[in-house]
Amino acid sequence: MGNKTGLVFFPAFDWAISPTHPEREERLLYTRDQFIEEGVLDLPDIVEYPAAVATPHEIARVHFCIPGVDYQTMTAHRIAAGSAISLSDKIMSGEVKNGFAIVRPPGHHAMRVVRGNRGFCNINNEAIVVEHLRRVYGVKRIAIIDTDVHHGDGTQDIYYHDPDVLFISFHQDGRTIYPGTGFTDELGGPRAFAYTLNIPLPPGTSDKSLLYVIENLILPVLNDFKPDFVINSAGQDNHYSDPLGSMKITAQGYAKMTEMLKPDLAVLEGGYAIESALPYVNLAILLAMAGRDYSYVTEPDYDPDALSEDQSVTGYVCKLVEQLKEVWDSREKLCRMQYNKYDKYFYQQKHIYYDTIGFEEKQLERIRICSDCPGYIMIDSHVPYQFAKDGLRGVEYSRVLAVSIHNRCCENCVAEAWDVYNKSKKDERYAYVYVQDKTVDSFLTYRKSDGREWHTEG
Ligand SMILES: [Zn+2]
Ligand SMILES: [Zn+2]
């Protein structure tokens with residue numbers, strides 16, 4: 001007991017956005033073969049668990065799905081999230097010391113409001129685990145380390161104002177890749193300033209600089225933050241053979257990184273080199289989590305000469321680490337300055353692009369600045385133009401208002417948040433009004449057209 005590594009494997013062989021899409025059914029096929037070939041499933045310290053299904057209630061702890069959870073999720077999404085939840089239960093009970101959820105579809109581009117698929121994601125698997133851990137086990141401090149080549153903009157959006165969840169994402173510089181965000185000045189809202197850290201790495205970054213970032217920035221930050229639980233959003237598209245990324249990371253690099261980060265739970269995100277990268281990277285990570293020798297895991301086409309790093313990259317990354325470490329070390333002062341800058345509310349305008357279908361959502365986010373708690377969030381969301389195409393989802397429900405109440409919200413903030421919800425129900429502009437009260441684990445939807453109001457349960 002306590003020495004084992006759990007594994008959940010859910011390849012979703014019957015689900016894909018389209019037959020030629022990079023996030024498709026075959027993604028985990030070669031990984032499965034590799035595991036069987038290497039006999040890892042026969043090892044006594046690696047335990048495989050069956051997939052599980054997340055309930056609409058578990059999804060509503062994180063997301064405002066427009067108009068509802070059923071509309072924005074298919075069974076495959078619910079199983080990917082549910083499998084990650086179920087593995088987190090095995091870790092919390094001590095049945096295993098850590099676990100790797102090798103599931104798809106991925107989730108880290110899914111934001112709090114869901115109007116459709118963004119960056120191959122509908123719902124955020126890691127955030128759903130975070131809310132489960134807080135609600136069911138009372139876990140207080142959680143760190144999410146996003147190691148996908150793309151910025152984890154969805155996870156950032158969900159925890160931007162939450163001082164209890166540290167979000168660190170390294171990724172290929174947003175000037176050169178989707179979703180075009182994740183810069184060093186995106187540091188979190190006034191009540192959680194510096195608890196979002198973005199490390200935009202230049203194309204061509206190799207294992208050397210990546211491990212430098214882990215050792216000199218991420219590990220010291222984790223050491224200060226002292227998380228009770230560490231989740232790794234494990235994207236394998238930093239691999240040198242990935243068709244979407246331009247990085248030079250190897251399976252060995254991924255394994256060493258995992259060994260250093262010691263995540264409690266790793267959840268698969270991207271990785272689109274189905275045959276040349278995923279089987280090796282996933283195997284090396286699993287062995288590293290199990291504390292086994294991974295040194296023999298190398299890609300058939302591995303060529304160290306082709307993977308050397310440009311000196312300008314090395315120098316750039318060194319400076320980046322220095323700059324962000326300085327921000328982190330002065331976080332208390334910076335947080336205080338941010339807090340003093342705003343009176344009662346902090347406002348943020350957002351333009352969120354849904355690339356899969358191609359439409360833009362506009363959001364006004366308002367956060368209550370409170371001295372007693374992290375405050376509640378009000379989101380006014382709309383899609384400002386009509387988009388009609390048969391069978392495509394998510395745009396016909398134009399304007400909604402959503403209120404999210406943090407699990408540590410004070411009485412005043414809770415009362416004010418409910419007041420906003422109840423008043424908005426009478427506001428003609430909103431087709432739907434939502435409240436997510438995490439202090440009591442209650443999620444309500446109000447539909448203007450027929451005046452119906454219901455709890456998301458199940
Ligand atoms: Zn990715
Ligand atoms: Zn408050």
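Predicted model: local features only at pLDDT ≥ 70, side-chain atom pairs only at ≥ 80, totals over all residues.
Trainee: Which domains is the chain divided into, and how far apart do the C-alpha centres of domain 1 and domain 2 lie?
Mentor: The division gives domain 1 at 5-333 and domain 2 at 342-455. Between their C-alpha centres the separation is 27 Å.

Trainee: How many residues of domain 1 are in contact with domain 2, and which elements give two or more residues to that side of domain 1?
Mentor: In domain 1, 25 residues are in contact with 33 residues of domain 2. By class, this side of domain 1 holds 10 nonpolar, seven polar and eight charged residues. The elements that give two or more residues to it are helix H2 (56-60) and H5.

Trainee: In the open sheet of eight strands, what is the strand order, and which are the edge strands?
Mentor: The order is E2-E1-E4-E10-E9-E6-E7-E8, with parallel pairing. Neighbouring strands are turned by 15 degrees against each other on average, direction ignored. Each edge strand pairs on one side only, and these strands are E2 (46-49) and E8 (196-201).

Trainee: How many bridges join strand E1 to E2, and which residue of E2 is the bridge partner of Gly6?
Mentor: Strand E1, residues 5-10, runs parallel to E2 and is joined to E2 by four bridges. The partner of Gly6 in E2 is Val47.

Trainee: Which strands does H5 touch as it packs on the sheet, and what angle does its direction make with that of E9?
Mentor: H5 touches E4 (98-103), E6 (142-146), E7 (165-172), E9 (229-234) and E10 (265-268). The direction of H5 makes an angle with that of E9 of about 165 degrees.

Trainee: Are H4 and H5 oblique or roughly parallel to each other?
Mentor: The axes of H4 (residues 75-92) and H5 (residues 125-137) come within 9 Å and cross at roughly 40 degrees. H4 passes H5 in a right-handed crossing. Angles under 35 degrees count as roughly parallel; H4 and H5 are therefore oblique.

Trainee: Which residues of H5 does H4 meet, and how many residues of that contact are charged?
Mentor: From H4, the residues Ala80, Ala81, Ala84, Ile85, Ser88 and Met92 meet Asn125, Ile128, Val129, His132, Leu133 and Tyr137 in H5. The contact comprises nine nonpolar and three polar residues, and the number of charged residues is none.

Trainee: Are H8 and H9 oblique or roughly parallel to each other?
Mentor: The axes of helix H8 (residues 251-261) and helix H9 (residues 278-289) come within 8 Å and cross at roughly 25 degrees. The crossing of H8 past H9 is right-handed. Angles under 35 degrees count as roughly parallel, so the relation of H8 and H9 is roughly parallel.

Trainee: At what angle do H7 and H8 pack, and how many residues of their contact are charged?
Mentor: Helix H7 (residues 207-225) packs with H8 at about 10 degrees, and their axes are 10 Å apart. H7 and H8 are therefore roughly parallel. Residues in the contact include Asp207 and Glu215 of H7 and Lys256 of H8. By class there are eight nonpolar and two polar residues, and the charged ones number three.

Trainee: In the open sheet of seven strands, which strands stand at the edges?
Mentor: The order is E11-E12-E13-E14-E15-E16-E17, and the pairing is mixed. Each edge strand has a single partner strand, so one side of each is left without a neighbour in the sheet; the two are E11 (345-354) and E17 (452-455).

Trainee: In what sense do E16 and E17 pair, and which residue of E17 is the bridge partner of Tyr446?
Mentor: Strand E16, residues 442-447, pairs with E17 over four bridges in the antiparallel sense. The partner of Tyr446 in E17 is Glu453.

Trainee: Which peptide bond is cis with omega near 0 degrees, and where does its proline lie?
Mentor: Most peptide bonds are trans. A cis bond joins Ile66 and Pro67, but there omega is about -5 degrees. Pro105 lies in the loop between E4 and strand E5 (113-114), and the cis bond with omega near 0 degrees runs from Arg104 to Pro105.

Trainee: What is the phi of Lys226?
Mentor: Most residues other than glycine have a negative phi. Lys226 is placed in the loop between H7 and E9. Although Lys226 is not a glycine, its phi is positive, at about 50 degrees.

Note on methods
Residues numbered from 1 in each chain as written. Chains lettered and ligands numbered in written order. Axes fitted to C-alpha atoms, helices over the stretch in contact; angles between N-to-C directions. Parallel < 35°, antiparallel > 145°, perpendicular 65-115°, else oblique. Left-handed = near helix turned anticlockwise from the far one by under 90°. Contact = placed C-beta atoms within 7 Å. Nonpolar A, V, L, I, M, F, W, Y, C, P; charged D, E, K, R; others polar. Domains from an automatic or database assignment. Pairing = 2+ DSSP bridges.
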